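I opened my notebook to look up the ligand site. Here is what I went through, entry by entry.

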Amino acid sequence: MEQTFIMIKPDGVQRGLVSEIMGRFEKKGFFMKGLKLQSVERSFAEKHYADLSSKPFFSGLVDYIISGPVVAMIWEGKNVVTTCRKIIGATNPSDAAPGTIRGDFAVEIGRNVVHGSDSVESARKEIALWFPEAPIN
Ligand code: ATP
């Protein structure tokens, strides 16, 4: 069954949005297959966002991700990668539709509360990076 990697970013954790965000995926009908609260090292955040290393906002993005603990999760279900991206909403919260997580809870692109893998292939890589231990069946 398809899996995706979802991360509640430090602002989402600090603002007390963890259960609200998890509830959206749970109520949709997806299954949680991994969950941990984790503080990440700079080198780990750089690895997670390696594809964006040439972007001008890269160092600010890394500073943001290491500014506090994040909640790392694996979610499973039919078309879970694409559907979770829709539930999360557009990258820039100003473009995110009401009813999406970013549309409802974020204002700034640099504080957009949650990450979701953008393809099945990135999900596979991100799950291997964040959950190197044996997955839950
Ligand atoms: P994510 O990977 O976090 O799910 P995304 O796939 O919607 O986001 P990407 O283009 O991969 O969007 O950007 C990764 C993250 O980098 C964004 O979620 C946002 O936090 C940050 N980001 C993207 N563009 C900008 C920007 N112009 N200024 C500041 N931060 C940005």
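How far is an oxygen atom of the ligand from an N or O atom in the side chain of H115? I read 2.8 Å for this pair, keeping in mind that the model is predicted.

Entry: I looked up N112 next and found a side-chain N or O atom 2.8 Å from an oxygen atom of the ligand. For R102, the distance from a side-chain N or O atom to a ligand oxygen is 3.3 Å. I also placed R102 in the fold: this residue belongs to helix 6, which spans residues 101–105.

Entry: cover. On its own the ligand has 570 Å² of accessible area, and I noted that the protein covers 75% of this.

Entry: the shell. I listed the residues around the ligand as K9, Y49, L52, F57, L61, R85, T91, R102, I109, N112, H115 and G116. Sorting them by class, I got five nonpolar, four polar and three charged residues.

Entry: Where does the ligand sit? I found that the ligand takes up the space of the largest pocket.

Entry: the record. I checked UniProt, where an unreviewed entry lists K9, F57, R85, T91, R102 and N112 under "binding site". From this set, I found K9, F57, R85, T91, R102 and N112 in the lining of the largest pocket.

Entry: looking back. I came back to N112, which the UniProt entry lists and whose side chain has an N or O atom 2.8 Å from a ligand oxygen.

Note on methods
Residues numbered from 1 in each chain as written. Predicted model: local features only at pLDDT ≥ 70, side-chain atom pairs only at ≥ 80, totals over all residues. Heavy atoms only, no water. Near = heavy atom within 4 Å. Polar contact = N/O pair within 3.5 Å; in protein donor to acceptor, adjacent residues only side chain to side chain. Areas by Shrake-Rupley, 256 points an atom, 1.4 Å probe, with all protein chains shown as cover. 1 Å grid on protein atoms, 1.4 Å probe; cavity = no way out; pocket = protein on both sides within 12 Å on 5 of 7 lines; lining within 4 Å. Sits in = over half its atoms within 2 Å of the grid points. Nonpolar A, V, L, I, M, F, W, Y, C, P; charged D, E, K, R; others polar. UniProt positions renumbered as here; feature names shortened; annotations may be inferred. Helix = DSSP H or I, 4+ residues; strand = E, 2+ residues; numbered from the N terminus.
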